[in-house]
Structure formats: C-alpha cells, structure tokens
Amino acid sequence: MAKKQKTNGALMTDEEKNLPMGLGYATAADRLGLTYLASAEVMLRLLVDFGNEAFHFSMTAHLTKEPFWKAMNQKADKLADILKGKNPAYMAISWFTEPGQLRASLYSRIDQAMPNDLSDAALRKDPIRAHARAFMAFFLELSEGAIEGQGRISDAQLTADHIRKFAGSFLGMDPAMLSLNLTSGENKEASPCG
C-alpha cells in the first residue's frame, strides 16, 4: 500500500487545529510563510499566473506539435502538483490531497459530462492533471483565435469565465460566486489575463 501523503496541516499547532472553518489552516499558512491554497483569491491568482504563462508560451514557443504539447503539459503538470498538495510553498488541506475529495469531485464532473465515454483513460485515471492540462490548452486555442466571442464577448471576458470555471472546479465552489475582472491589451501579444 502506498504511503499516505501528509498535508501541511500536520505542521499546525494545537491552537490552530481548534480554530473553526479553516481559519487554522489560514493562520498556520501565515505563520509558516506558505500560500493558503484554499483561498478563492489565491486560486484565482494562481490560475491567472498559469494562464499568462500558457498564453505567452502559445504565442512564442514556435515548436512543432509534439514538442509543443510535451512542454505545455509539463507546465500544466506543475499546476496539477500544486493542486495535489505536492508543492511545499502552498498550505494544502485535505480537499486537495485526499483522493476522496478534489479528485473525486473532478471525477464526478467527468462522469456527469461523459457518463458512457471510457475513451480517455488518462482523464479518468488522473482527473486533477487532466483538468490542469485542459485549463492550459484553452490559452493555445485563444492565442490561435479558435475561441472567440464573435464580437460579443471580449477575450478578457472569455478568459475570466474560463478561469472562474476552473477555480470553481478546483475549490468545489459555484464559479458564479467568484469575482474576477480582467482587461486585455490592445494587441494579441498582450496577455488576456491582465
């Protein structure tokens, strides 16, 4: 049996463990100099940062298809590692590290969207990594003009909606509860993530 991964919650003091509503995790993260991953603001900022990286990579990589996707997936896998609680710079709570929580939540979303589709084994095997990769792939499509609002929705609005959707999925929240306003630069070289 594989050794169960400990969360940074193991570093909490007894006093922090007794604080209600996740305040102990937030307090411990502050005390330890870690980023509290379960904060909506932190998740949105994290996804904006990864979105900017994906968009700029899409615009500047100039690689053929296979090396491009290999490099893009490596970038997405860094996001997945954060979401799995494998990056020690983030205070990861059990929602991110316990297989029965974030992983199960994302798997349930997959099952609802594609109940009879067994064709994508990777998606079902590691839904956190699959969702991180899907999050990043959007920015290639945006940079290539494959996603557009047909003049009604700006790239910045499409990007904000995409980031809110994935932040909601990763936090187990309704994306409508998340507030994110982005502004886009004048040219396509500017990142839509602000």
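Q: Which helix do Asp49 and Arg45 lie in, and how many residues apart are they?
A: Both lie in helix H3, four residues apart, or about one turn of the helix. This is a predicted model. An α-helix has 3.6 residues a turn, so residues three or four places apart point the same way.

Q: What do Asp49 and Arg45 form?
A: Asp49 forms a salt bridge with Arg45, and the closest N and O atoms are 3.1 Å apart. Side chains of opposite charge can pair when their charged atoms come close.

Q: Buried or exposed, or in between, for Asp49?
A: Asp49 counts as partly exposed, at 40% relative accessibility. Arg45 is also partly exposed, at 45%.

Q: How many salt bridges are there?
A: The count comes to six salt bridges. One of them joins Lys75 to Glu53, with the closest N and O atoms 3.2 Å apart. Lys75 is in helix H4 and Glu53 is in helix H3, so this pair ties together parts that are 22 residues apart in sequence.

Q: What ring does the charged end of Lys75 sit over?
A: The ring of Phe57, at 5.0 Å from its centre.

Q: And which residue does Glu16 form a salt bridge with?
A: Arg31, with the closest N and O atoms 2.8 Å apart. Glu16 lies in helix H1 and Arg31 in helix H2, so the bridge ties together parts that are 15 residues apart in sequence. Glu16 is buried, with a relative accessible area of 5%, whereas Arg31 is partly exposed at 45%.

Q: New topic. How many aromatic pairs are there?
A: There are six aromatic pairs. Among them are Phe135 and Phe166, whose ring centres are 5.6 Å apart with planes at 65 degrees, so the pair is edge-to-face.

Q: What about Phe138 and Phe139, how do they pair?
A: Phe138 and Phe139 are edge-to-face, 5.0 Å centre to centre, with 85 degrees between the planes. Phe138 counts as buried at 9% relative accessibility, and Phe139 is buried at 0%. One aromatic cluster is formed by Phe135, Phe138, Phe139, Phe166 and Phe170.

Q: How much of H8 is covered?
A: H8 is mostly covered, with 13 of its 17 residues buried.

Q: Which residues touch the most other members of the largest nonpolar core?
A: Met43, Leu47, Phe135 and Ile163 do, in a core of 51 residues. H3 gives the most to this core, with eleven residues. In soluble globular proteins, nonpolar side chains tend to be buried together.

Q: Where is Lys84, and what does its side chain contact?
A: Lys84 lies in the loop between H4 and S2. Its side chain makes a polar contact with the side chain of Asp126, at 2.6 Å. Lys84 counts as buried, at 16% relative accessibility.

Q: Last one: what is the phi of His62?
A: His62 has a positive phi of about 50 degrees, although it is not a glycine. Most residues other than glycine have a negative phi. His62 is in the loop between helix H3 and helix H4, and His62 is exposed, with a relative accessible area of 72%.

Definitions and conventions
Residues are numbered from 1 along each chain as its sequence is written. This is a predicted model: local features need pLDDT of at least 70, side-chain atom pairs count only at pLDDT 80 or more; totals for chains, interfaces and linings use all residues. Side-chain values use heavy atoms; hydrogens and water are left out. Helices (H or I, at least four residues) and strands (E, at least two) are DSSP runs, numbered from the N terminus. Buried means under 20% relative accessible area, exposed over 50%, partly exposed in between (1.4 Å probe, protein chains only). Rings of Phe, Tyr and Trp (its six-membered ring) pair if their centres lie within 6.5 Å; planes under 30 degrees apart count as stacked, over 60 as edge-to-face and the rest as tilted. A charge sits over a ring if NZ of Lys or CZ of Arg is within 6 Å of the ring centre and within 35 degrees of the ring normal. A nonpolar core is a set of buried Ala, Val, Leu, Ile, Met, Phe, Trp, Tyr and Cys residues joined through side-chain atoms within 4.5 Å. A polar contact is a pair of N or O atoms within 3.5 Å; within protein, one must be able to donate a hydrogen and the other to accept it, and residues adjacent in sequence count only if both atoms are side-chain atoms. A salt bridge is a side-chain nitrogen of Lys or Arg within 4 Å of a carboxyl oxygen of Asp or Glu.
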